[in-house]
Amino acid sequence: MLVHPSPQKNSGTLANGVLYHLLERGEASGVHPVTRLDRDTFGVVILAKNANIHDRFCRMLRERQLEKTYLAAVFGQLPQETLALLADKGL
């Protein structure tokens, strides 16, 4: 699912769904994506209801006041070189 509308796809996005939900609740606010996901991935997306909160979240990300943690599931055995590389990066 796309996070926000684009020239190629204007409906069926996460932003459209959140905006619909807010309007159903009687909340007059916008949807301002702070983070997004790459195509064909899943995870957490941060959305802000207004430009002020969007700016604050973006500043917090830049100043590393928010932390993202990534988890991966691996099937099978990773090569020793890959394990060593991950260990070197503290992963």
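A salt bridge here is a side-chain nitrogen of Lys or Arg within 4 Å of a carboxyl oxygen of Asp or Glu. This is a predicted model, where local features need pLDDT of at least 70, side-chain atom pairs count only at pLDDT 80 or more, and totals for chains, interfaces and linings use all residues. Residues are numbered from 1 along each chain as its sequence is written, and side-chain values use heavy atoms, with hydrogens and water left out.

Search the whole structure and you'll find three salt bridges. Let's start at glutamate 27, whose side chain meets that of arginine 25 in a salt bridge (3.1 Å, N to O). The side chain of glutamate 27 also meets that of lysine 49, at 2.6 Å, N to O. Glutamate 27 sits in the loop between α1 (14–24) and β1 (32–33), and lysine 49 in the loop between β2 (47–48) and α2 (51–62), so this pair ties together parts 22 residues apart in sequence. (Helices, H or I, of at least four residues and strands, E, of at least two are DSSP runs, numbered from the N terminus.) Arg25, Glu27 and Lys49 are thus linked in a salt-bridge network.

How open are these residues? Arginine 25 is exposed, with a relative accessible area of 56%, while lysine 49 is partly exposed at 44%. Buried means under 20% relative accessible area, exposed over 50%, and partly exposed in between (1.4 Å probe, protein chains only).

Elsewhere, arginine 36 pairs with aspartate 38 in a salt bridge, their closest N and O atoms being 3.1 Å apart.

Now look at histidine 32, in strand β1. Setting aside neighbours within four places in sequence, histidine 32 is in contact (heavy atoms within 4.5 Å) with residues including Ile46, Lys49 and His54.
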